[in-house]
Amino acid sequence: MTDLSRYQDAATIQRVIHTARTVAVVGLSGNALRASYFVGYYLQRHHYRVIPVNPRETQILGETSYPSLRDVPEKIDIVNVFRAPDALPGIAREAVEVGAGALWCQFGVVNEEGNRIAEEGGLAVVVDRCLKIEHARYVGRMNWLGFNTRRITSVRTGLQ
Amino acid sequence: MTEEPFRTEEDREFGFETRQLHAGQRPDPNTGARAVPIFQTTSYVFEDPESAAAYFNLQEYGNTYSRIMNPTVAVFEERVANLEGGMGAVAFSSGIAAQAAALFTLLQPGDHVVSSGALYGGTVNQFKHLLRKMNVALTWVDPDDPEAWRAAVRPETKAFFAETIGNPSGNVLDIETVATIAHEHRIPLLVDNTFATPYLCRPIDWGADIVIHSATKFIGGHGTSIGGVVVEAGTFDWSNGRFPVIADPSPAYHGLRFHETFGTYGYLMKLRAETLRDLGGALSPFNAFLFLQGLETLSLRMERHVSNALAVASFLRDHELASNVTYPGLPDSRYRPLVEKYLPRGAGAVFSFDCAGGRTGGQDLIRGVTLWSHLANVGDAKSLIIHPASTTHRQLGDEELRAAGVAPGTVRLSVGTESIDDLIWDLRQGFAKVAASDGRA
């Protein structure tokens with residue numbers, strides 16, 4: 001198994017989460033019970049602009065769905081991938097082409113070539129991590145349901 | 001370079017002693033309170049209808065009702081999950097409730113469970129009667145025999161269950177071997193880690209999938225509160241075809257597929273959002289607070305518990321009125337290799353021995369001690385003693401007692417953290433009484 005730890009760096013994850021505004025979700029489902037929909041819905045609640053990328057849908061979560069990253073008419077901070085691993089190299093190439101800030105691959109979306117393309121194109125790369133979980137770990141309320149955030153800190157932060 | 005408007009936290013491997021104090025809690029953002037606040041509330045005001053819907057749909061982590069989640073209880077849950085190296089935890093109103101919920105979440109009628117036969121009596125009752133009532137079949141196995149576990153597997157087997165250190169006979173589970181056999185058959189291993197605590201053993205490190213505690217014991221540590229907790233590793237593949245009850249659309253949650261939607265959190269989400277919701281058995285925030293106070297000193301207490309236990313066990317081994325001392329931490333224990341592998345910091349502090357004079361001898365010993373507390377609990381900072389033949393197993397005759405692994409003179413000890421000389425002084429008082437009755441004085 002390949003070592004993914006360089007694509008799971010805590011500082012990179014926190015920087016991406018804190019600085020991003022727009023998230024293009026590639027493979028976002030229109031079915032409200034699918035994991036991708038849960039993540040998209042959550043991101044909207046936390047004030048990210050979610051852009052669906054799914055050629056089979058016209059609108060998801062109240063936003064226009066685009067057939068590909070190339071069709072998105074605005075700057076993308078995070079390309080969040082919910083597709084099969086073998087689709088990743090193509091998605092990574094498009095992400096580089098449109099000047100996205102980060103490539104974020106969900107659980108199981110692991111493809112070395114895709115990671116390399118994005119990295120060489122200057123994108124921050126996070127692999128085999130869930131964007132919702134990492135946001136909830138560092139910013140949100142994952143701890144409210146007894147999940148292990150692994151965070152240890154005595155720093156007082158603002159209102160939740 | 002300009003300073004970033006946020007502070008990044010390093011992904012550091014903090015030590016156990018640090019985590020037992022800090023994990024799960026951050027200073028309260030509203031008040032700055034350093035201690036964990038006791039959120040003694042049944043319910044929570046929603047920001048707006050959309051937020052309320054998002055919480056109930058599990059689309060957002062939010063508080064709805066304290067039967068299902070509570071901020072004080074959540075600190076306790078995360079702290080135990082962190083100390084055990086799990087993905088998360090769900091707390092319950094007792095260890096028995098935790099165990100029932102852990103099994104309910106993954107079982108359905110017609111299923112089968114393979115369990116160690118060397119268990120706490122309360123668990124034996126729960127499995128023997130409650131599982132059968134739910135039409136779940138059960139096979140008891142000798143936990144020390146790996147082949148017995150393998151041979152007991154059926155197509156409908158859904159769980160292996162055992163205790164890290166068996167109550168009261170002190171057998172030590174070969175966790176890695178039993179977990180491997182379970183996983184060969186795509187079955188999870190559930191381990192009751194009450195007697196070891198995560199300070200002495202972390203079963204998840206050795207392949208266990210679910211860890212259960214009676215928090216009433218060493219976690220609370222002071223005999224104040226009843227409670228339990230279930231920790232899941234988050235690595236078991238519940239979509240392996242054997243667990244439609246977790247993988248298939250849930251009729252109790254508008255068709256949600258818990259494992260597909262929540263991935264590594266699937267089991268824990270179902271345990272909370274369905275099982276805890278429907279069975280009740282929620283932990284009270286005040287008890288969670290007391291358990292958190294206990295956890296802050298867990299490592300310190302356990303170090304003392306095990307050093308006192310070894311000293312008491314060594315005293316008994318050499319005493320003419322004691323025999324069959326089951327402490328696995330003794331150098332000549334048959335569990336020595338397993339203790340070295342799984343319990344290098346000590347083999348817990350609960351064990352039994354047989355007192356000379358049978359039933360009367362055991363009773364005399366109890367009458368003779370004045371510092372050890374005669375009661376039915378373990379894991380208190382205070383030393384505890386009980387004579388099963390005249391209490392928990394009172395209805396059984398000598399033959400039946402033997403079948404239950406208890407001799408007429410068997411005495412169970414839970415060694416506390418008092419001055420060791422005082423504990424041994426008191427046992428000597430007890431044995432003097434035994435000897436007097438026995439005509440040996």
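Modeller: This is a predicted model. In it, 34 residues of domain 1 of chain B are in contact with 32 residues of domain 2 of chain B.

Biologist: Which residues belong to domain 1 and domain 2 of chain B?

Modeller: Domain 1 of chain B covers 16–24 + 35–294, and domain 2 of chain B covers 298–438. Taken over C-alpha atoms, the centres of these two domains of chain B are 29 Å apart.

Biologist: What area do domain 1 and domain 2 of chain B bury between them?

Modeller: The two domains of chain B bury about 2800 Å² between them, with 61% of it on carbon and sulfur atoms. On the side of domain 1 of chain B, B:Tyr199, B:Leu200 and B:Phe218 supply 27% of the area buried against domain 2 of chain B, more than any other three residues.

Biologist: Turning to charges, how many salt bridges are there between domain 1 and domain 2 of chain B?

Modeller: There are two salt bridges between these domains of chain B. Elsewhere in the list of contacts, 14 residue pairs are in polar contact between domain 1 and domain 2 of chain B, both residues at pLDDT 80 or more.

Biologist: Which helix gives the most to the side of domain 1 of chain B that touches domain 2 of chain B?

Modeller: That is H8(B), with four residues.

Biologist: And how do the residues on that side of domain 1 of chain B divide into nonpolar, polar and charged?

Modeller: On the side of domain 1 of chain B that touches domain 2 of chain B, 15 are nonpolar, 13 polar and six charged.

Definitions and conventions: Residues numbered from 1 in each chain as written. Chains lettered and ligands numbered in written order. Predicted model: local features only at pLDDT ≥ 70, side-chain atom pairs only at ≥ 80, totals over all residues. Heavy atoms only, no water. Domains from an automatic or database assignment. Contact = heavy atoms within 4.5 Å. Buried area = accessible area lost by both parts, 1.4 Å probe. Salt bridge = Lys/Arg side-chain N within 4 Å of Asp/Glu carboxyl O. Polar contact = N/O pair within 3.5 Å; in protein donor to acceptor, adjacent residues only side chain to side chain. Helix = DSSP H or I, 4+ residues; strand = E, 2+ residues; numbered from the N terminus. Nonpolar A, V, L, I, M, F, W, Y, C, P; charged D, E, K, R; others polar.
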